[in-house]
Amino acid sequence: MQILSVFSDLGFITIALITIAALLTSSVHGATGVAGGFLMTAVLASIIGVKPVVPVISIALLISHSSRVFFNSAAFDRSAFLAITIPAVPCIILTAWGYGKMSSSFIAVVLGVVVMLSIPLRYWAKSKNIKAGKRTLQGAGVVYGLLSGFSIGVGVLLSPFMLGYGLAKEAFVATLAAIALTANITRALVYSSTSQLDTNYILLGIFVGVMTIPGNWFGRSYLRKISNEKHATYVDILTFIGALNFFWLAWH
């Protein structure tokens with residue numbers, strides 16, 4: 001679907017559904033630090049298609065990630081942030097530039113496989129009592145950057161490494177939000193320079209992003225009430241759902 005006039009063409013009912021979806025998925029995002037991006041992607045992909053949804057969500061997540069960083073700023077871990085983002089940014093630029101040449105099915109299949117593998121990877125690391133240091137985070141940052149240039153929701157791949165580094169709950173959510181914010185800024189700048197992001201996509205992305213702010217606040221309130229063990233379990237469940245979502249997008 002080519003968006004010509006975003007609000008008039010989509011209609012009131014569709015915009016209302018997008019609003020509800022943004023509130024619900026951002027509540028999940030605010031409570032766990034992951035899943036909100038790819039859950040929202042599933043909703044918008046059915047409306048505007050798989051390929052344009054990444055640029056639109058990139059704009060929306062600029063606002064969503066900013067609000068989650070703000071709500072949890074006191075727990076932000078600067079060392080983990082720098083260890084991941086410094087190697088990730090040039091990789092994001094590289095793959096975002098080539099995004100337009102990739103097929104939707106290829107993008108979805110790769111993401112589904114990688115996201116699914118992140119769950120046993122975390123439990124394997126935990127069973128071996130492996131602790132992630134800065135070099136491990138840097139290596140994860142390279143992989144994260146390469147995938148983030150053409151996809152949404154890759155933050156789940158960082159989960160086992162950030163949890164192994166010792167981040168939990170507010171620190172996990174705040175730091176991952178800051179990393180994802182940096183990724184989305186980089187990706188949006190590349191898309192803009194390569195004509196993959198037009199004015200109507202920007203307007204829709206801003207609208208979705210604003211709608212996520214109250215959801216992020218609600219999710220953060222719930223985050224304070226749950227244990228580290230429950231938080232880790234929720235991350236795994238949502239990671240699994242996210243992988244299935246990408247396989248579904250590839251199939252369709």
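This is a predicted model: local features need pLDDT of at least 70, side-chain atom pairs count only at pLDDT 80 or more; totals for chains, interfaces and linings use all residues.
Q: Which residues in α5 and α7 meet?
A: On the α5 side they are S79, A80, A83, I84, P87, A88, C91, I92, L94 and T95. On the α7 side they are K134, L137, Q138, G141, V142, Y144, G145, L146 and S148.

Q: Why would residues a few places apart in an α-helix point the same way?
A: An α-helix has 3.6 residues a turn, so residues three or four places apart point the same way.

Q: How do the ends of α7 compare with the span it should have?
A: They agree: α7 covers residues 134–148, and at 1.5 Å a residue its 15 residues should span 21 Å, while its end C-alpha atoms are 20 Å apart.

Q: OK, on to α9. At what angle does α5 pack with α9?
A: Helix α5 (residues 78–97) and helix α9 (residues 169–193) pack at an angle of about 25°, with axes 9 Å apart. That makes α5 roughly parallel to α9 as well. The crossing in which α5 passes α9 is right-handed.

Q: Who makes the contact between α5 and α9?
A: From α5 it is A80, F81, I84, T85, V89, I92, I93, A96 and W97. From α9 it is T175, A178, I179, T182, A183, T186, R187, V190 and Y191.

Q: How many residues of α9 are buried?
A: Of the 25 residues of α9, 19 are buried, so α9 is largely enclosed by the rest of the structure. As for its span, 36 Å is what α9 should have at 1.5 Å a residue, and its end C-alpha atoms are 36 Å apart, which agrees.

Q: Back to W97 for a moment: buried or exposed?
A: W97, which lies in helix α5, counts as exposed at 55% relative accessibility. C-alpha to C-alpha, W97 and Y191 are 7.2 Å apart in space, though 94 residues apart in sequence.

Q: Then where is G98 found?
A: G98 is in the loop between α5 and α6. G98 is buried, with a relative accessible area of 13%.

Q: What about G149: which loop is it in, and what does G149 touch?
A: G149 sits in the loop between α7 and α8, and is buried at a relative accessible area of 0%. Leaving out residues up to four places away in sequence, G149 touches I92, T95, A96, Y99, R187 and Y191. I92 and A96 also belong to the α5 side of the contact with α9, and R187 and Y191 to the α9 side. The C-alpha atoms of G149 and T186 are 8.5 Å apart, across 37 residues of chain.

Q: Switching topic, where is H65 found?
A: H65 is in helix α4 (residues 50–71), where it counts as buried at 4% relative accessibility. H65 and N216 are 151 residues apart along the chain, and their C-alpha atoms are separated by 8.8 Å.

Q: Last one, the whole chain: how many helices and strands, and what share of residues count as buried?
A: There are eleven helices and zero strands, and 53% of the 252 residues count as buried. Among contacts with a separation of 6 or more, 86% are between residues 24 or more positions apart.

Conventions
Residues are numbered from 1 along each chain as its sequence is written. Side-chain values use heavy atoms; hydrogens and water are left out. Helices (H or I, at least four residues) and strands (E, at least two) are DSSP runs, numbered from the N terminus. The expected span of a helix is 1.5 Å times one less than its number of residues. Axes are lines fitted to C-alpha atoms, for helices over the stretch in contact, and angles run from 0 to 180 degrees between N-to-C directions. Angles under 35 degrees count as roughly parallel, over 145 as roughly antiparallel, 65 to 115 as roughly perpendicular and the rest as oblique. A crossing is left-handed if the near helix is turned anticlockwise from the far one by less than a right angle, and right-handed if clockwise. Contact means heavy atoms within 4.5 Å. Buried means under 20% relative accessible area, exposed over 50%, partly exposed in between (1.4 Å probe, protein chains only).
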